[in-house]
Amino acid sequence: MLAIVVSVAILTLIFTKVIANAKVVGDSMNTTLNAGDRVIALRRSNPQRGDIVLFKAPDGSGQFYIKRVIGVPGDSIRMRNDVLYVNDQIQPENYLGTARTDYQQQTGNHYTGDFDLFTLTKRFNVPVNQFFVMGDNRPNSTDSRVFGFVSNATIVGVVLVRYFPLTHIQLF
């Protein structure tokens with residue numbers, strides 16, 4: 001009996017302090033993550049540019065969003081003609097796969113509209129303890145282009161693995 005109590009206590013500790021389990025809702029991270037996918041995030045991580053993060057929705061709904069970190073504190077960000085610039089350096093976005101070119105060919109439009117950080121936020125750089133995030137499915141993502149920066153305090157963790165569906169297990 002003691003072994004069961006200790007096991008439950010350890011699992012509870014792990015799931016409340018170390019990892020977070022989440023279900024992807026919506027298509028803002030397609031094709032990297034799809035609606036219904038299940039992921040595990042490492043809590044209390046230090047997000048880096050390119051990481052996928054789980055965070056509390058900024059609208060106070062109690063929902064959680066999953067997006068990619070595009071800018072970390074101190075970064076300047078702009079998008080021109082579907083090319084991402086961070087600190088005036090071109091950032092390859094290999095994680096978009098063929099989505100960008102497929103979209104451009106089908107619609108004749110840019111996958112990600114032009115913007116710069118100042119126009120969106122009235123800030124030249126990402127503030128301390130804040131992050132700029134975007135979904136990989138840029139035409140269908142409500143992200144920092146809409147709601148602004150994400151506070152480090154609202155980030156639950158960095159997504160480490162997609163474990164469901166079993167046919168699509170992937171480490172990030």
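Mentor: Before we start, a definition: two strands pair if DSSP finds at least two bridges between them. Helices (H or I, at least four residues) and strands (E, at least two) are DSSP runs, numbered from the N terminus. The model is predicted: local features need pLDDT of at least 70, side-chain atom pairs count only at pLDDT 80 or more, and totals for chains, interfaces and linings use all residues. Residues are numbered from 1 along each chain as its sequence is written, and side-chain values use heavy atoms, with hydrogens and water left out.

Trainee: Fine. How many helices and strands does the chain have?

Mentor: Four helices and twelve strands.

Trainee: Which way do β2 and β11 run, parallel or antiparallel?

Mentor: Antiparallel. Six bridges join strand β2, residues 38-43, to β11. Val39 stands opposite Arg162 in β11.

Trainee: And what about β3 and β11?

Mentor: Strand β3, residues 52-56, pairs with β11 over three bridges, in the antiparallel sense. Val53 has Val158 in β11 as its bridge partner.

Trainee: How many residues sit between β11 and β12?

Mentor: Five, and the two strands form a hairpin. Two bridges join β11 to strand β12, residues 170-171, and they run antiparallel. Val161 is bridged to Leu171 in β12.

Trainee: How many of the ten residues of β11 are buried?

Mentor: Seven, so β11 (residues 155-164) is mostly covered. Buried means under 20% relative accessible area, exposed over 50%, partly exposed in between (1.4 Å probe, protein chains only). Across the chain, buried residues make up 38% of the 172 residues.

Trainee: Switching topic. Where does Arg100 lie?

Mentor: In helix α2, residues 99-107.

Trainee: Why does Arg100 count as buried?

Mentor: Because its relative accessibility is 19%.

Trainee: Which residues does Arg100 touch?

Mentor: Asp82, Glu93 and Tyr111, not counting residues up to four places away in sequence. Contact means heavy atoms within 4.5 Å.

Trainee: What joins the side chains of Arg100 and Glu93?

Mentor: A polar contact of 3.3 Å. That term means a pair of N or O atoms within 3.5 Å; within protein, one must be able to donate a hydrogen and the other to accept it, and residues adjacent in sequence count only if both atoms are side-chain atoms. The Arg100 side chain also reaches the backbone oxygen of Asp82, at 3.0 Å.

Trainee: Last one. What does the C-alpha trace span?

Mentor: About 65 × 35 × 30 Å along the principal axes of the chain.
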